Each structure stands twice: as structure tokens, then as C-alpha cells.
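Here are my notes on the fold, in numbered points. Please read them with the structure open.

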Amino acid sequence: MRKCAAQLARRWRSCSTRSIQTTDETRDPEAYETLVCLFDQLHLDNMTVLKHLIYAKDNIPPLVDGTTKSKSRVGLEVLRNKTVLLLISDLDIAIEDIKFLNHVYREPRGPEHQFNIVWLLVVDVDPKSAAWDMSHQQKFEELQSIMPWYTVHHPSILEPAVIKYIRDVWRFSNGIITVALDPRGKLLSPNALHMIRIWGSSAFPFTKEREEALWKDESWRLELIIDGLDDGAIMKWVDRESYICLYGGEDLGWIREFTNAAKCVAKIANIPLGMMYLGKSNAKDQVRRAAAIITAENLSHCWKDLTFFWFFWARLRSMLHSKLKHGMSTETDPVMHEIMLILSYDENEQGWAMFCHGRGPMVVTAKGTNVLESMGEFDEWKGDADEKGFVVALQDHLKQKELKTPHYCSHLILPGIDGGISGRVVCAECGRMMVKLIMYRCCTE
């Protein structure tokens with residue numbers, strides 16, 4: 001098990017002088033312990049840590065510089081005294097994640113907030129074996145070619161002990177994580193991906209303390225929900241003090257009924273209403289078809305860039321990951337309650353909708369059947385809408401409807417929760433404890 005830092009320091013110093021002559025079987029346990037030791041120590045810079053993680057031989061440049069058109073090979077020195085984000089993934093990394101990180105990477109920021117990204121590929125297939133065939137190599141090169149940051153020139157330079165450390169200590173299994181290291185090689189976060197998805201480069205320096213501080217300044221509001229996802233339409237509605245409806249789902253019958261009913265109610269209530277379709281998670285083809293029909297039939301506004309749909313749902317799930325990691329629950333945290341509502345509605349076959357007024361703090365969210373019925377029953381709460389305001393009146397009507405409607409269980413799928421999930425998850429609708437099940441899924445369509 002873990003030995004004292006001093007003992008391990010002596011071991012890695014002596015081990016490093018003879019590691020070339022020893023076999024992998026002999027070297028790996030000691031190399032693994034060396035990494036454990038290194039992350040327990042303070043260093044003058046980050047070179048010692050990076051050399052043991054990526055490559056220890058100074059005479060062979062281990063990185064490809066994706067920041068230049070030439071894609072030249074460079075040594076680790078380019079990362080000296082820099083904050084480094086280790087982008088760790090398998091070959092199935094989403095192109096959307098690469099696009100988003102590229103956007104964050106290129107955001108203007110002051111010299112004190114600079115960081116570099118390095119891609120490390122971790123796969124089940126040994127890149128040094130015959131199992132690593134041309135299809136693997138081609139996929140690796142394709143991904144490497146579109147990454148505008150540093151990448152390892154080949155995954156085979158990562159030693160088995162490093163792979164084991166990444167899997168065991170940083171809990172990487174598949175997908176993507178971003179490990180943040182400070183300029184001295186100290187671990188800032190074993191996975192800063194979720195806070196980066198939520199706040200972009202404002203999450204710098206990617207620590208738990210920074211994440212907590214950012215959440216303290218947040219509330220469930222339109223700007224948090226659509227931050228970075230506006231193509232100009234939503235903020236135009238906000239500036240005009242319009243009422244705004246965000247809605248999702250894939251049932252075109254419900255979408256047609258709901259959008260027409262909502263526009264009809266807005267006309268009767270004499271209020272300006274902007275509607276934006278947000279799609280459905282894990283259903284790219286269905287969302288693509290629905291978006292095309294919504295646009296063709298002029299049912300509502302719809303993002304033209306399909307990446308926006310993916311990012312909305314990825315970001316929402318990252319918010320949930322972040323909240324769970326910090327021990328929040330739907331019982332005590334209003335933001336987490338709303339996140340859980342939307343994600344649970346998304347898992348059901350029916351749609352859902354959310355209403356707010358300009359920059360106002362009031363946001364009401366409801367499942368598709370209830371909000372559609374409420375639009376059809378507008379005569380019952382029109383007087384309240386005139387007196388209290390449309391959003392407040394709608395919320396009151398929905399609460400009354402829920403009291404009269406039998407409760408049906410919701411379910412929620414949380415992919416990629418990496419050990420940070422609480423054993424206690426409460427239903428955002430009824431407040432009952434949710435039963436934890438395990439689900440295996442082979443695809444996302």
C-alpha cells in the first residue's frame with residue numbers, strides 16, 4: 001500500500017537509474033508508487049510530474065503542437081510553469097466536446113488565467129501490440145488533427161503504470177475527463193470538465209474552492225440555463241421584456257399542439273412570447289428531424305447548429321454532477337431541484353416546457369401533458385394572469401393540477417457519474433427517495 005513520501009522518493013530516484021534495464025513487470029509497481037509519491041510532494045515546477053506522466057526521455061519530443069499549422073513535435077518544456085489541463089479520453093470522445101473545449105481554449109483571458117491543454121489517449125487496446133490496427137491509428141490521427149492544443153504524438157508513450165494511475169486514482173474508465181495541474185504540478189482537480197462546461201474559462205483555476213464560489217453567485221435563471229447557447233434570439237426577447245418559453249421533447253404531435261396552444265394563449269393574454277426548441281438528450285437523429293420540421297412549419301425558433309442541442313444537455317448534466325459532488329440535494333438546493341426536473345422529464349416520452357419573463361427570477365417548469373392542458377384551460381386562470389402576472393398564475397394553476405392528478409413515477413439516467421454520486425437521490429416531483437438501479441446501454445440513439 002502507500003508508503004511514506006520519503007521512502008518512495010528514495011525508491012523512484014534509485015528506480016529511475018535502472019528502469020531502462022528492467023522489464024515492465026518489474027518496473028510497473030514501482031513506477032505506479034512513484035506517481036503516487038510525486039503527487040504528494042511539492043515541486044519547484046511541473047516538469048518532474050509531467051515527465052513521469054507523459055515521457056521521461058528528454059531526447060525525444062513527446063508532444064505534437066496543435067496550436068500551429070505545422071503540427072511540429074515539441075518537448076515538455078513548452079509546458080514548464082504553466083497550468084495544464086490533461087484532456088484524457090478514449091477514441092470515442094465526442095466531436096462536440098472538442099468543439100466546445102476549442103471555444104473555451106480560444107476565449108480571451110488575462111495572462112494570470114492562461115492554461116494549456118494536452119490530450120492523452122487511454123484505450124483498452126495496447127497501442128504497442130498487434131491489436132492496435134490501422135483503424136485505431138486512423139481514428140487517433142483524425143482526432144489529433146482537429147485538436148488545436150498539444151497531444152501525445154502516439155498513445156504508446158504512456159507507460160502501463162501511468163494508465164493504471166489514471167484509471168485507479170483519477171477514476172477514468174471511458175469517455176472524457178480533464179485533470180487540472182497547477183504550474184508546479186500540483187493536482188487542482190481530478191476532473192474539471194463539468195465546471196468548464198458550466199462556466200468556461202471563468203472556472204480557472206479549476207479548484208473545488210473556485211467551483212463552490214461560482215455556485216454561490218448562481219441562481220436558477222435564464223442566463224444560467226442558456227449561457228453561451230444563444231444565437232441572438234433569446235437575448236433579443238429578454239431585451240424586449242418578452243415572455244420566453246423553452247421546451248423539449250421529440251413527440252412531433254405534442255410539439256405541434258403545444259406550440260400552437262401557447263401562441264394562442266399569448267395572443268389572448270396580449271403578451272409577447274418567444275419560443276425556443278431545446279431538443280432531447282441522446283437522440284440526435286430524432287432532434288435533427290424534429291428541428292427541421294419545426295423550422296419548416298414555423299412552429300417556433302430553433303437552433304440551426306445541432307451542437308447547441310448537444311451542449312445544452314451535456315451542460316445540464318454537468319450541473320447535476322457538480323451539485324452531487326458538493327453534496328447538494330433537491331430538498332435543499334433549488335437549482336438542483338430544477339435540473340432534476342428537466343432531466344427526469346427528458347427521460348420520459350412526453351415533452352416538457354419552461355416559462356419565464358425577461359430577466360425575472362421566476363421560472364416555472366412542467367411536464368408536457370400538464371402544461372398543454374393548462375394552455376387549454378387558460379379561461380380558468382386568465383383573471384389570475386391579469387392580476388399576478390402570467391408566469392406566477394401559470395405556476396399556481398399547475399400546482400393545483402398536480403394536486404388533482406395521480407402521481408406517476410419518474411426515472412432518471414445519470415451516465416458517467418464517477419463515484420461522486422450520493423447514495424440519496426430524491427425525486428424532484430414528489431420528494432420520495434428514488435431507487436438506484438444499474439443500466440447498461442450500447443448506444444445513445
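This is a predicted model: local features need pLDDT of at least 70, side-chain atom pairs count only at pLDDT 80 or more; totals for chains, interfaces and linings use all residues.

1. Next, the overall make-up. The protein has 17 helices and 12 strands. Of its 445 residues, 51% count as buried.

2. Now the sheet. Seven strands form an open sheet with mixed pairing. Their order is β2-β1-β5-β4-β3-β6-β7. The edges are β2 (73–74) and β7 (187–189). Each has a single partner strand, so one side of each is left without a neighbour in the sheet.

3. Within that sheet, look at β4 and β5. Strand β4 covers residues 115–121 and strand β5 residues 150–152. They pair in the parallel sense, over two bridges. In β5, T151 is the bridge partner of W119. Helix α5 (residues 134–145) packs on the sheet. Its contacts there are with β1 (63–65), β4 and β5. The direction of α5 makes about 170 degrees with that of β4.

4. Which helices have axes that come within 10 Å and cross at roughly 130 degrees? They are α13 (residues 306–325) and α14 (residues 334–347). An angle from 65 to 115 degrees would count as roughly perpendicular, and one over 145 as roughly antiparallel. The pair α13 and α14 is therefore oblique. Their crossing is left-handed.

5. From α13, the contact is made by W313, L316, R317, M319, L320, K323 and L324. From α14 come V335, M336, I339, M340, I342, L343, D346 and E347. By class, the residues of this contact are 11 nonpolar, four charged and no polar.

6. Helix α13 also packs with α4 (residues 95–105). The angle is about 90 degrees, and the axes are 10 Å apart. The range for roughly perpendicular is 65 to 115 degrees. So α4 and α13 are roughly perpendicular to each other.

7. What meets what between α4 and α13? On the α4 side are E96, D97, K99 and F100. On the α13 side are T307, W310 and F311. The residues of this contact divide into three nonpolar, three charged and one polar.

Notes
Residues are numbered from 1 along each chain as its sequence is written. Side-chain values use heavy atoms; hydrogens and water are left out. Axes are lines fitted to C-alpha atoms, for helices over the stretch in contact, and angles run from 0 to 180 degrees between N-to-C directions. Helices (H or I, at least four residues) and strands (E, at least two) are DSSP runs, numbered from the N terminus. Angles under 35 degrees count as roughly parallel, over 145 as roughly antiparallel, 65 to 115 as roughly perpendicular and the rest as oblique. A crossing is left-handed if the near helix is turned anticlockwise from the far one by less than a right angle, and right-handed if clockwise. Contact means heavy atoms within 4.5 Å. Ala, Val, Leu, Ile, Met, Phe, Trp, Tyr, Cys and Pro count as nonpolar, Asp, Glu, Lys and Arg as charged, and the others, Gly among them, as polar. Two strands pair if DSSP finds at least two bridges between them. Buried means under 20% relative accessible area, exposed over 50%, partly exposed in between (1.4 Å probe, protein chains only).
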